[in-house]
Amino acid sequence: MRSKIVILLILIVLVLTGCKEEKKEYMPFYKPMHTDYLQKFGWQAERFASETKYEAKTLQSYKDHVDTIRMEGNIDLAPFFNKEVVETGYVLKEKTDLYNQIVAYILESEGKVIGGYLEFNHEVLQPDGVIEVHPGQTTPMFNAKDSNKQFVIGRIIEPDSK
């Protein structure tokens, strides 16, 4: 019995030493309709930021957020109060000389994009390693090439080409 256990342990060790960890490069996946929407406006997603699903008939419970989207993002969500709405955020590759983080939020319902808006933030690395995000301007979605007309957010700094 003891020799069987020793043989089993030797086999386990051989199997484990024969395995090697394969490092895989992370390839972000974004919904094609989201990347198409962003590209239509000249923006590029750098990384996924968030996703919030609002079940049908619950969106009106988030009055402050809905009001901000309507007033600052220029999107009226009232026609979608009885439908599920998904809000997905992406940190963009682009930055401005005033804001070092731009987040694009894309709103969709019934599998279709119903609008989007931009949030311009200033990201600050604290001495303890924690990143603080200071919210700045929220604007309707606009073409990145027209950013110089948006004097409040500063001039777009082109992302590094890779």
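Buried means under 20% relative accessible area, exposed means over 50%, and partly exposed is what falls in between, with a 1.4 Å probe and protein chains only. In soluble globular proteins, nonpolar side chains tend to be buried together.

Before going on, keep in mind that this is a predicted model: local features need pLDDT of at least 70, side-chain atom pairs count only at pLDDT 80 or more, and totals for chains, interfaces and linings use all residues. Residues are numbered from 1 along each chain as its sequence is written, and side-chain values use heavy atoms, with hydrogens and water left out.

Leaving aside residues up to four places away in sequence, Trp43 touches Leu38, Leu92, Glu94, Ile102, Leu118, Met141, Phe142, Ala144 and Ile156, where contact means heavy atoms within 4.5 Å.

Five strands make up an open, antiparallel sheet in the order 1-2-4-5-6. Helices (H or I, at least four residues) and strands (E, at least two) are DSSP runs numbered from the N terminus, and two strands pair if DSSP finds at least two bridges between them. Strand 1 (45–54) and strand 6 (131–140) are at the edges with a single partner strand each, so one side of each has no neighbour in the sheet. From one strand to the next, the twist averages 25 degrees; axes are lines fitted to C-alpha atoms, for helices over the stretch in contact, and angles run from 0 to 180 degrees between N-to-C directions.

Going across, strand 1 is joined to strand 2 (residues 85–92) by eight bridges, and Arg47 sits opposite Val91 in strand 2. Strand 4 and strand 5 are joined by nine bridges, with Gly116 in strand 5 as the bridge partner of Ile106. Their hairpin has two residues between the strands, and Glu110 there takes a positive phi near 55 degrees. Eight bridges pair strand 5 with strand 6; in this hairpin, which has five residues between the strands, Gly129 takes a positive phi near 90 degrees.

What lies across the sheet strands? Helix 2 (residues 32–40) lies across strand 1, strand 2, strand 4 (101–109) and strand 5 (112–125), at about 125 degrees to strand 4. His34 lies in helix 2 and counts as buried at 1% relative accessibility. Not counting residues up to four places away in sequence, His34 touches Thr88, Tyr90, Ile106 and Glu108.

Finally, the rings: there are seven aromatic pairs. The Tyr54 and Tyr62 rings have centres 5.1 Å apart and planes at 70 degrees, so they are edge-to-face. Rings of Phe, Tyr and Trp (its six-membered ring) pair if their centres lie within 6.5 Å; planes under 30 degrees apart count as stacked, over 60 as edge-to-face and the rest as tilted. Tyr54 is buried at 8% relative accessible area, while Tyr62 is partly exposed at 42%. Back at Trp43, ring pairs link Trp43, Tyr99, Phe120 and Phe142 into a cluster.
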